[in-house]
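The sequence and the model are shown first.

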Amino acid sequence: MAERSPGDPRDPLDEEAAWAEIVAGYGEQPSFPAKDGTDEQPRTDGAAGQREGKGESPAPGSFVVYAPGVGPRDWSAADASDDDFDENDEGHFTPPEPPPLPKADVTAKFAWLAVIGGPLLLVAMVILQQPVTWWVTVLGIGGFLGGFATLVARMKNDDEDGDHHLPGGGAVV
């Protein structure tokens, strides 16, 4: 007879063994330094919320309760200063100001207006419960398609740069 796997659904689940395995997997809890510099911390028993002795370790499955504003996440890094650098460091890098965006011409502005405005016109007609006539449909769909075609046709391609690089020629520095 073939052996069945331990996770076979036909076998009854041994809950006590499963809980024992989970508790054993927790291990020891780390200790965090307290505000007064000692390595011990106040602990609670989890159920009653009263303090235990400082030297005791919590029972498996219990947890530590911290007051608001204190605890392991109360730490913050020191502020950086120029004295932190040694002779090998070059200092803090400040990127240069980016160049201003190019000015859009009238054709590009109308193309973007058509790409955005066409679908917005159709959505507005549906939301306002107005009849969508043939000319509203032509204006919405045609505006979107015409504006999109204009933007794609006016895109700059790589051949306009004058540098003819082989495809897959590597990075250009």
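The model is predicted: local features need pLDDT of at least 70, side-chain atom pairs count only at pLDDT 80 or more, and totals for chains, interfaces and linings use all residues. Residues are numbered from 1 along each chain as its sequence is written, and side-chain values use heavy atoms, with hydrogens and water left out.

The protein chain contains three helices and zero strands, giving the pattern α-α-α along the sequence. Helices here are DSSP runs of H or I with at least four residues, strands are runs of E with at least two, and both are numbered from the N terminus. Of the 173 residues in the protein chain, 9% are buried, where buried denotes under 20% relative accessible area, exposed over 50%, and partly exposed in between (1.4 Å probe, protein chains only). The accessible surface of the chain is about 15,600 Å², and 60% of it belongs to carbon and sulfur atoms; areas come from the Shrake-Rupley method with a 1.4 Å probe.

Helix H3 spans residues 134–153 and has 20 residues. From first to last C-alpha H3 reaches 27 Å, close to the 28 Å expected at 1.5 Å a residue, the expected span being 1.5 Å times one less than the number of residues. The buried residues of H3 are Val 136, Gly 140, Gly 143, Gly 147 and Leu 151, and they pack against helix H2 (106–127).

H2 and H3 pack at an angle of about 150°, with their axes 7 Å apart. That makes H2 roughly antiparallel to H3, a label for angles over 145 degrees. Axes are lines fitted to C-alpha atoms over the stretch in contact, and angles run from 0 to 180 degrees between N-to-C directions. Residues of H2 including Ala 111, Val 115 and Leu 122 meet residues of H3 including Gly 140, Phe 144 and Leu 151, contact meaning heavy atoms within 4.5 Å.

Two residues are compared by accessibility below.

| Residue | Relative accessibility | Class |
|---|---|---|
| Gly 142 | 38% | partly exposed |
| Gln 129 | 70% | exposed |

Gly 142 is found in H3. Gly 142 and Gly 118 are 24 residues apart in sequence and 7.5 Å apart in space, C-alpha to C-alpha. Gln 129 lies in the loop between H2 and H3 and has a positive phi of about 55° although it is not a glycine. Most residues other than glycine have a negative phi.

Conventions:
Parallel < 35°, antiparallel > 145°, perpendicular 65-115°, else oblique.
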